[in-house]
Protein chains: 2
Amino acid sequence: MGRLALIGTGLIGGSIGLALRSRARGHPIVGYDRDPRAGQTALERGAVSELASSASEAVGGADVVVLATPIEALAGELATLAPWAGDAVVTDVGSAKAEVVDAGHGALGDRFIGGHPMTGSERHGIEAAHEDLFDDAWWILTPTELTSASAYSTVRYLAQSLGARPIALAPDAHDALVARLSHVPQLAASALVEVALADGADDSLLALAGGGFRDVTRIAASNPALWVPIIRSNRSAVLAVLARLEDRCARLGETIRQGRWHELHEFLAASRSARLELFVKPAQVEHPVTIALVVPDRPGVLAEVTTAAGELGANIEDLRIIHSTEGGRGRLELVISGKPAAEALVAALHARGYRAERADDVEQ
Amino acid sequence: MGRLALIGTGLIGGSIGLALRSRARGHPIVGYDRDPRAGQTALERGAVSELASSASEAVGGADVVVLATPIEALAGELATLAPWAGDAVVTDVGSAKAEVVDAGHGALGDRFIGGHPMTGSERHGIEAAHEDLFDDAWWILTPTELTSASAYSTVRYLAQSLGARPIALAPDAHDALVARLSHVPQLAASALVEVALADGADDSLLALAGGGFRDVTRIAASNPALWVPIIRSNRSAVLAVLARLEDRCARLGETIRQGRWHELHEFLAASRSARLELFVKPAQVEHPVTIALVVPDRPGVLAEVTTAAGELGANIEDLRIIHSTEGGRGRLELVISGKPAAEALVAALHARGYRAERADDVEQ
């Protein structure tokens with residue numbers, strides 16, 4: 001992986017440094033943060049091995065650059081840093097991806113790959129950073145047809161090295177997903193607090209709220225300065241999901257007004273089943289299954305294969321690209337957790353015209 | 001308090017029995033549950049001291065009757081049991097109050113007072129009952145101008161004896177409050193799960209949901225069979241709050257579509273402050289302050305005074321009614337936690353035409 005540059009040493013950047021250096025003591029990480037105190041604290045805590053005096057100095061000579069700055073700063077930073085980044089692979093950790101990925105490819109071509117570690121956002125700053133922030137967390141990567149295989153593999157390896165589970169999704173698929181799972185729930189939690197307050201004079205009675213209200217609205221305590229730029233960067237996906245929620249409220253109102261209690265029951269029961277299944281952990285003892293496919297040596301193949309796996313929720317445990325000496329073709333090997341996921345992926349790849357096959361089966 | 005009859009020995013009924021008998025060993029409690037196994041388990045666990053073979057047998061000879069059955073059964077039970085209840089004070093524990101309180105006064109006159117312990121509803125059944133379920137929980141009582149002072153005082157004392165903090169609200173105020181703090185958040189959590197699922201083919205990706213989504217949607221796993229009757233009984237308040245949430249979603253969509261980011265920030269910041277303040281516990285060392293007022297000996301005074309305290313969030317620690325021997329008037333003494341709450345209540349009572357005054361002040 002070589003020399004790492006961390007631009008931004010707050011919660012995420014600082015935790016990347018701490019996690020990497022706890023696993024690979026002495027790994028060279030040069031850090032930079034606009035706030036000198038944050039940089040200094042990162043150095044004192046051992047999250048970086050040295051500090052640069054500017055972002056461009058930090059990326060000079062780096063093999064991998066992680067932009068861990070607020071999402072609204074990313075496009076500008078990508079343009080500013082590109083001339084100094086040499087051949088480095090560059091990634092970011094922003095919570096919305098389509099806009100950033102466009103800016104990244106524009107500035108860096110195939111050496112940019114977007115990323116988003118799914119770690120929650122209630123806390124922030126280097127003080128909150130810790131080395132196990134990414135343990136078992138999903139780390140979504142968003143390769144496109146412009147992403148090079150080596151950029152993808154490098155950042156995927158970095159995420160794994162930090163304890164995270166990388167998974168690939170197309171930028172648009174990522175943005176639609178986080179609108180549903182994170183951005184609109186965030187807005188809804190804040191809306192529920194506002195609605196609860198709406199009677200003004202009754203504010204003191206909010207203290208009567210029970211544990212349910214506490215849970216539903218916990219994320220309403222998040223920092224607006226972080227959230228506004230996220231919503232802004234993901235506005236079209238957020239608007240689509242928000243419209244669905246609004247429509248759902250309207251239809252629920254009709255259901256209740258007309259006394260269609262069976263329909264209300266069906267609605268609650270379906271959500272209940274989905275919610276109960278949601279966090280049932282898959283068995284951790286799933287067999288690794290290797291899938292091999294011959295791929296044309298053209299851009300975009302890797303993105304197509306890995307995002308197909310991502311959309312199935314198939315976890316790629318390992319990935320090898322064997323370039324053919326004959327040129328024009330290569331062999332891609334993926335190790336997938338679990339036979340059902342591997343078989344679903346083989347089928348999905350067949351549907352896309354790939355000749356994929358299981359290359360081994362530990363059960364045999 | 002005398003002999004207690006518990007109709008329904010599930011989570012709430014069973015916990016009432018366990019809590020009372022853990023504090024007053026040997027207190028006579030006769031129980032009845034439509035499900036003989038639930039009744040038997042309640043007896044075995046010591047939640048009741050004896051079992052009756054029917055609800056009407058259970059209430060015969062009781063001084064206090066607690067109806068802890070599902071909300072949809074309450075109106076029917078009140079009518080059925082009234083002829084057998086003698087002079088007993090009767091209360092219930094349903095999650096919506098206006099309909100039940102109407103039925104209660106219709107069946108029992110001034111001996112009925114509605115109640116609602118605020119303890120959450122994810123679990124149910126006698127197996128989940130425990131003696132500290134009500135510790136520090138709010139127990140809303142809903143006296144009306146038809147409620148007798150002795151019915152109010154008796155059930156208030158019962159709630160305190162179980163470890164809960166009784167507070168009085170008018171039935172409509174209760175119903176509006178729980179629509180905002182509980183019923184609509186419940187519907188919203190289920191709606192967010194449904195909206196997250198809406199892409200069908202992507203279901204496997206829901207596993208990427210982080211802690212925020214987990215919190216927001218936790219109550220979506222609640223039992224629809226409990227919730228549909230609650231929503232049904234509180235439909236008009238629920239509809240009003242649901243319409244506000246729908247409107248909020250629509251206006252948020254406009255804010256985002258038009259790029260009014262400062263407005264979005266203000267919205268998130270206001271909800272954040274409210275949420276952060278919500279569960280800041282008031283200092284537990286507040287001075288008790290006694291308020292005394294001469295009250296006319298007419299129905300409704302107690303409801304007016306206690307619900308005024310409830311609407312201010314003022315916690316009535318103790319309450320004494322001293323009937324004047326001259327007739328026509330009485331003296332009501334309330335002990336309120338904290339000087340600010342006591343002073344606010346005195347002002348509110350003055351505004352209602354009462355001559356209330358602080359009768360002591362431990363600081364002097």
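A charge is taken to sit over a ring if NZ of Lys or CZ of Arg is within 6 Å of the ring centre and within 35 degrees of the ring normal. In this predicted model, A:R165 lies over the face of A:W138, at 4.1 Å from the ring centre, and in chain B the charged end of B:R165 is placed over the ring of B:W138, 4.1 Å from the centre of that ring.

Over all chains, the structure contains two aromatic pairs. One of them is formed by A:F134 and A:W139, a tilted arrangement with 5.1 Å from centre to centre and 45° between the planes, and both A:F134 and A:W139 are buried. The ring centres of B:F134 and B:W139 are likewise 5.1 Å apart with the planes at 45°, so this pair is tilted; B:F134 counts as buried at 0% relative accessibility, and B:W139 is buried with a relative accessible area of 2%.

Chain B is superposed on chain A by a rotation of 180° with 0.0 Å of shift along the axis, with an RMSD of 0.1 Å, and the two copies are therefore related as by a two-fold rotation axis. In chain B, the C-alpha nearest this axis belongs to B:V216, at 2.0 Å. The same surface serves both copies, as 100% of the contact residues of chain B recur in chain A.

Helix α10 of chain B (residues 235-257) has 23 residues and reaches 32 Å from its first C-alpha to its last, close to the expected 33 Å. Its buried residues, among them B:L239, B:L242, B:R248 and B:C249, pack against α7, α9 and α10 of chain A together with α7, α9 and α11 of chain B. Just after α10(B), B:G259 adopts a positive phi of about 65°.

Terms used
Residues numbered from 1 in each chain as written. Chains lettered and ligands numbered in written order. Predicted model: local features only at pLDDT ≥ 70, side-chain atom pairs only at ≥ 80, totals over all residues. Heavy atoms only, no water. Least-squares fit on C-alpha atoms with pLDDT ≥ 70 in both. Contact = heavy atoms within 4.5 Å. Helix = DSSP H or I, 4+ residues; strand = E, 2+ residues; numbered from the N terminus. Expected span 1.5 Å × (residues − 1). Buried < 20%, exposed > 50% of the residue type's maximum accessible area, 1.4 Å probe, protein only. Phe/Tyr/Trp six-rings, centres within 6.5 Å; stacked < 30°, edge-to-face > 60°.
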